[in-house]
Amino acid sequence: MSELEKRIIEKAATLLAGGEIKRVVGWKKGEFIHDPSPATFETEESLKDFIYNDFCGANLSKYLIDIFKREGKTAVFLKPCDSYSFNQLVKEHRIKRENVYVVGIECHGKLANYKVEEKGITGITSEAHEGENVVFDTLYGKVTASREEVLLDRCLTCKGKKHVVADETVIINDYEDKVSDRFAMVRELEAMTAEERFAFWQGQLSKCIRCNACRNVCPACSCLKCVFDNPQSGIAAKANDDTFEEQLFHVIRAFHVSGRCTDCGECSRVCPQHIPLHLLNRKFIKDIDSLYGEYQAGEEAEGKTPLTSYTESDTEPNNVFTVTEGK
Amino acid sequence: MQKIGVFICWCGSNIAATVDVVRVAEEIKREPGVVYSADYQYMCSENGQQLIKNAIKEYGLTGIVIGSCSPRMHEATFRKAAESVGLNPYMVEVANLREQVSWIHKDKEEATEKALILVRTAIAKVRLNAPLKEGESPVVKRALVIGGGIAGIQAALDIAEAGYPVDIVEKNATIGGRMAQLDKTFPTLDCSACILTPKMVDCAQNEKIDILSYSEIEEVKGYVGNFSVKIRKKARYVDETKCTGCKICMTKCPSKKGLDEFNMNLKTRTAIHIPFAQAIPNVAVIDPEQCLKLKTGKCGICQKFCGAGAIDYTMKDSFIERQYGAIVVATGFKPIDLTAFNEYGYADNKDVVTSLELERLMNAAGPTNGVLLRPSDMTHPKVITFIQCVGSRDVSGCGKPYCSKICCMYTAKHAMLIREKYPDTEVHVFYIDVRTPGKNYDEFYRRAVEQYNVDYIKGMVGKVYNENGKLMVQGSDLLNNEQIVIPSDLVVLATAIEPEPSVRKIATLLTASIDTNNFLNESHPKLRPVESPTAGVYLAGVCQGPKDIPETVSQASACAAKVIGLLAKDKLKTNPCVASSNEMMCNGCSQCANVCAYGAITYVDKEFRLGGGKTEIRRVASVNPAVCQGCGACTVTCPSGAMDLSGFSSKQIMSEVEAICKK
Amino acid sequence: MQEVNNFTPNIVAFCCNWCSYAGADLAGSSRLSYPANVKIIRVPCSCRVNPMFVLKAFQQGADGVILCGCHPGDCHYVTGNYYTRRRMSLLFSFLNYMGIEKERTRVEWVSAAEGAKFSEVMNDFVAKVTALGENKRLQDLRVKEE
């Protein structure tokens, strides 16, 4: 057990013992070290299953939409990037801030299971960051991989170690914020021809099996009833029956979360087909930044989003391409 | 089962010459749901309408499509015809076969094909139409006027004249506003007080008018016909019902160093005071920042001397809540703050004054009793230089981009009055342009130049500085192409005007839209200039844009006419094509309210049954149909599609799209 | 000259009731022609146009989609078209990013007095879409005949 994990579990125990907090939301051990899942803990006893390691990528903020309504106060452990989602949900009145006790916790980047697997690293018993590497203790010995190779894509362009909301924090190591260009891939795509872009997205989106994992995990996609399940919307569809529908689904989904997406990257993390869905949202984010000024959803817990505000001198739609194509 | 009737109009030969109307009517019969189809020469004619009515009755039609001219032309006609025989008027759709087909296409085959597509599209829509009913809402027959300047006074008098009760809420202790501070008015040079004060008195004496002075709007709820307004009556520490206006308190008050706002701080006043001699109500007010009793607890002299027993140091702000059918905003203006304009030396030189300050210096009731003396040493200024456009037409960011509109005229007035009264005075005016549109305005300005020999210099002033007690005005003379310096005794800045800052809060309370300069937006710049986009809210005076007294008064009367027209109705009909939220799907995320220009959307916590005896409280959007104008902005903001628009529902538009694209 | 392109595109035009639909009416009453393959859907305000409608049109076989509304600042509903402007800017830029030719989507502000502009815009738009050819990237192939 790492020092950080120990401190977090101790914190959870203290909070539960205090009486005011009725439950804590955290991660629960799975069968293996690499399959923890989000869970609620109501007793100190149940904390024996609590886990916090580099496989705990799940963003817990969305679970609070339902959990905060339960009686008494709920505590939640949020990584820096998760705290943006939490704020955004508070802004949209989906979570009552006063019902939740937020503990901000340290994160140094989470691991992508499929990348670890692809590297042939199995039988992991523990893992730790060491400089630019991640060192795995496995049943078959020590294996070292570079962070680049095994971290989730979103963590490679981490948006910072700052919590935008927290009642208290559990942070041991003060990692330096590494500045990286999260729009590099978007730019690469923008530089392609329309044909090439279409081919890229057709290749990616044709892998989509409409499992709805992206939708279900996305903190911005939290509608009571999704528009794709609403017969009044005119676009309700349960499954893909042609090549266009997954595009339709993903375009609409990206549009619906535009201006609200905090770029938490959960969509790409959970996609079983490894479609880089975050590249869709990042295009909207990049365009919003360049057209309407830098905006980070979730930075504030109140105010309007770029799509629910305007200025009289906004760029005209027909001139947008010259801006967004970076010309 | 729906029974749809289709009626194809020839419009004489307007449609029939280019569209094979008979073929359209024939082919359309095969469309699912269509039970009747006909063509006729003029559907809008008496006979044509009869044909429609007969078919509705005979075939029991549940929806009709008219293929004719633009719906902007005759949709209302056909709706009325349908309604007269019991078919809901919103079960009528029009396919535009004239403006969109026959008039722009020449090839008959092509035009007929397009006509068929447009009629099918209308059928696709009407299949999904739902009968809609216009709502009704009652009208409270009382008006509120916010602001008691000339605009508010005129509007209130006109509304009261028509027999409706009206309240004036004025934040200052007296009504009268800016006009009360003016000396003479252009272009007639009559005394401002002489024409304003009788109107103030009329207000006070009119039993339909209730003046709530020293009061502010605290909260506004409701909508057109039905506003509920909470008004804060600020503590004036003097009982309005008892004070007789005898002013004995003012002669006894020991705290005499207060700045007299009415005299633009050029004079001092006592802590307890009546703003000016003709104040309405003629009741004293105590400045709590200045009153010794209120600040230190020691004094109480005014109470001792007040024969009426009107002084009450324990008075607190009180609140009243009243209902109104209509609201007139007439909050007026103030000159802009000149601190950012160092070049004119306003802050450093007492003898650099604003035009409004000059009004007071020239006013018989002002600090100098009407004798023009300069503030620094109370001597007659011999050389006076006026500087135009101070902060107006200024795109540097310091001032305002707009023209303040009144300055050219009042400067001509000042120059003329000075030259008239003190012919030995030299008067210069630096100007960018002289703008004098208006009845007798240019003639007025020309009199200043020609008859009174006012020296107009085209050019801007770069700097005003003090040199041995003289104000040196350094500027350019563009016509003579030279730089000049005029040593002056008094410099007058034609200061830009801006909306009274409190209008921002009022606009928010009323959900009335406001522009980047804080002027309230009108509903249409040409055709609805006195209406705010928020129904039931009207705009008078400078709160809407810079204007002079005659314009302000006309606008106020126009507002009154609108208000009277509204209050004359017992009930208001509401547009049924409004948004509504499906509560079962609404997330309560508040995005829709952010884009509603009318404040029609509110949120309520509502209890929902979950089954198994359990309930859940959820926040859901609720649209007030009397306020919603039916634009649909909210429907697109709503990610779940819970918000939809009657008459233009998502499903209807989707079905139109499908019908058009069908190959 | 040889006819190289026999293709006639199908164009869906969303027009706001107060300005652009009236502008189209004026084009009609001024007999300013534009191609018959432009079909207009009347909406109260351009801000009523949901991106889903645009995508649905493409899915169902439209080759181009154009939105027309009042000029910014002149919206009948005060601010509606300001939201349209942001929404459609982002949507069209996004569709371009997905590889949809940007000439297939367009927003134009047409006032009730601009019949000539309406006709010009439609002629120009149709010409551009015709040059591109059929929209194959964004459609549901089931709706096609053959």
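Modeller: Two residues are in contact if their C-beta atoms, placed from the backbone, lie within 7 Å. Helices (H or I, at least four residues) and strands (E, at least two) are DSSP runs, numbered from the N terminus. This is a predicted model, in which local features need pLDDT of at least 70 and side-chain atom pairs count only at pLDDT 80 or more, while totals for chains, interfaces and linings use all residues. Residues are numbered from 1 along each chain as its sequence is written, and chains are lettered from A and ligands numbered from 1 in the order in which they are written.

Colleague: Which residues of H12(B) and H13(B) meet?

Modeller: From H12(B), B:Met409, B:Ala412, B:Ala415 and B:Met416 meet B:Tyr441, B:Phe444, B:Tyr445, B:Arg447 and B:Ala448 of H13(B). By class, this contact has eight nonpolar, no polar and one charged residues (Ala, Val, Leu, Ile, Met, Phe, Trp, Tyr, Cys and Pro count as nonpolar, Asp, Glu, Lys and Arg as charged, and the others, Gly among them, as polar).

Colleague: What is the angle between helix H12 and helix H13 of chain B?

Modeller: Two packed helices are described by the angle between their axes and the distance between the axes. Axes are lines fitted to C-alpha atoms, for helices over the stretch in contact, and angles run from 0 to 180 degrees between N-to-C directions. Here H12 (residues 407-421) and H13 (residues 441-451) of chain B pack at about 35 degrees, with axes 9 Å apart.

Colleague: In what order do the five strands of the open sheet in chain A lie?

Modeller: Two strands pair if DSSP finds at least two bridges between them. The order in chain A is S2-S1-S3-S4-S8, with mixed pairing. Strands S2 (37-41) and S8 (168-170) of chain A are the edges, each pairing on one side only. The twist averages 25 degrees from one strand to the next. S4 (residues 100-105) and S8 of chain A run parallel and are joined by three bridges; A:Gly104 has A:Thr169 in S8(A) as its bridge partner.

Colleague: How many residues does each of chains B and C bring to their contact?

Modeller: Chain B gives 36 residues and chain C gives 37 residues. On the chain B side, H4 (98-102), H5 (108-127), H17 (633-637) and H18 (650-661) each supply at least two residues. The largest share of that side, eight residues, comes from H18(B).
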